[in-house]
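Hi there,

Here is the structure I promised to hand over. Please have a look at it first, and then read on for what turned up.

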Amino acid sequence: MNKILWLSLFFGALLWSGFEPKDQFTWFLEVIPAIVVLAIMAISQSRFPLTPLLYQLILVHSIILMIGGHYTYAEVPAFDALAELFNWHRNHYDKLGHLAQGFVPAIAARELLIRHHVIEKPRWLAVIIVLICLGISALYELIEWWVAELTGESAEAFLGTQGYVWDTQSDMAMAMIGAILALLLLSRTHQAQLLALDISARQTH
């Protein structure tokens, strides 16, 4: 995917998401991580380009955030329809979001740890990545708590618990599952792209 197409999809989704969202405050809270990551990538792209796989995953995750921001995670229409079809007691779009919260950071963490030679023993790599993703998930849950404490009822849509007492724990479990799935499904493809990126960088220099 070339840069123009990537940016077109990103900003197209962002503009759609920001047009008459269900709750303006929730929209801001949900899309700000995608915007921050975009800014970081823009600053570091020339000296630290990422693998194509990671760029694609970041785009998908950003769009998931933007959809959740537009409708709120508890009211995404497609998942309302699925809830009715499968007789679910709640809208499960937030679980997709938290699955992505583990899936995408797992590949990002893998890329950073390998390229910066942080872990010398490969057998520990997967364990450290999963723990990093769990840490990110826990931090996000803490941020949700702090926002709820500071803003009161206006953060209800951001929390998206839908009355489920184990929502925080199940969110973290989904992030862990996402991280494990990413490593099982994408490690080989990611490793090949890391090798190609390294060869390209050596030829450039």
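Let me start with a charged pair: the side chains of lysine 95 and aspartate 171 meet in a salt bridge, with N and O 2.5 Å apart. Lysine 95 belongs to helix H5 (residues 93-115) and aspartate 171 to helix H8 (residues 167-204), so this contact ties together parts that are 76 residues apart in sequence. Both ends of the pair, lysine 95 and aspartate 171, are buried. Please keep in mind throughout that this is a predicted model.

Aspartate 94 forms a salt bridge with arginine 90, and here the closest N and O atoms are 3.1 Å apart. Aspartate 94 and arginine 90 are both buried as well. Taken together, Arg90, Asp94, Lys95 and Asp171 are linked in a network of salt bridges.

How many salt bridges does the count come to? The total is five. One of them joins glutamate 75 to lysine 22, whose closest N and O atoms are 3.4 Å apart. Glutamate 75 sits in the loop between helix H3 (52-71) and helix H4 (77-86), while lysine 22 sits in the loop between helix H1 (3-18) and helix H2 (24-44), so the pair ties together parts that are 53 residues apart in sequence. Are these two residues buried or exposed? Glutamate 75 has 37% relative accessibility and therefore counts as partly exposed, whereas lysine 22, at 54%, counts as exposed.

The largest pocket has a volume of about 1,000 Å³. It is lined by 39 residues, and those closest to its centre are Val37, His61, Pro105, Ala108 and Ile136. Which helices supply the lining? At least two residues each come from H2, H3, H5, helix H6 (125-151) and helix H7 (156-159). The largest share, 11 residues, is supplied by H5, the helix that also holds lysine 95.

Over to you, and happy exploring!

Best wishes

Definitions and conventions. Residues numbered from 1 in each chain as written. Predicted model: local features only at pLDDT ≥ 70, side-chain atom pairs only at ≥ 80, totals over all residues. Heavy atoms only, no water. Salt bridge = Lys/Arg side-chain N within 4 Å of Asp/Glu carboxyl O. Helix = DSSP H or I, 4+ residues; strand = E, 2+ residues; numbered from the N terminus. Buried < 20%, exposed > 50% of the residue type's maximum accessible area, 1.4 Å probe, protein only. 1 Å grid on protein atoms, 1.4 Å probe; cavity = no way out; pocket = protein on both sides within 12 Å on 5 of 7 lines; lining within 4 Å. Points joined across faces, edges and corners; volume = space filled by probe spheres on them.
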